[in-house]
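Have the viewer open as you read.

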Amino acid sequence: MRDRINAALKAAQDEGDKRRCATLRLVQTAVKDREAAARENGKDGVNDSEVIEILHKMVQQREASAAEFESSGQLDLAEQERIEQDIIREFLPAQISEEEMRTLCEETVKDIEAHGLRDIGRCMSELKTRYPGKMDFVQASCLMKDMLRIDGNGQSGKGPEDAGKD
């Protein structure tokens, strides 16, 4: 991952693309800062999944900044934030579509034999292990809650003894 970022920075420098260079330097600095913090805590550095986490956070920060700039009428600054977002997203894994996400959530529910909302934590943990950085886990959590709220009989989490009581 870091090699891709370094290669992209070198290419941007060769092309004279100042915006891309500045953004990629910010990415490198964020990764180096996280590595330094990890070493201070006795770890060897950061792995690719942590780099992906850093990139996701940077994209989210730029989304928030762009929204603030738009609401205050600073459209040129909002556009700059979006350009930086796009540059950072190039290094993130392709995101799973909503339809695929629904299928993967259903498979996970079956695989770990989840039966209700009490199993949401296990399901989400499994999804994060299987598909790190490849899906929007907030959206996946909502899908998972909907699936687990309704059991196989179309009941909304009520047992047979509760049927008809409302």
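R130 is partly exposed, because its relative accessible area is 29%, and that class lies between buried (under 20%) and exposed (over 50%), with a 1.4 Å probe and protein chains only. This is a predicted model, where local features need pLDDT of at least 70 and side-chain atom pairs count only at pLDDT 80 or more, while totals for chains, interfaces and linings use all residues. Residues are numbered from 1 along each chain as its sequence is written, and side-chain values use heavy atoms, leaving out hydrogens and water.

You will find R130 in helix α6, residues 120–130; helices here are DSSP runs (H or I, at least four residues), numbered from the N terminus. Leaving aside residues up to four places away in sequence, R130 touches T108 and D111, a contact being heavy atoms within 4.5 Å. The C-alpha atom of R130 is 9.7 Å from that of L104, 26 residues apart along the chain.

Now look at K128, whose charged end sits over the ring of F137, 5.8 Å from its centre. The rule asks for NZ of Lys or CZ of Arg within 6 Å of the ring centre and within 35 degrees of the ring normal.

Finally, turn to the largest pocket, an open set of points on a 1 Å grid with protein on both sides within 12 Å along at least five of seven lines. Its lining has 20 residues, with H56, K57, Q60, G133 and M135 nearest the centre; lining residues have an atom within 4 Å of a point. α3 (48–71) and α7 (137–149) each give two or more residues to this lining, and α3 gives the most, with nine.

Terms used: 1 Å grid on protein atoms, 1.4 Å probe; cavity = no way out; pocket = protein on both sides within 12 Å on 5 of 7 lines; lining within 4 Å.
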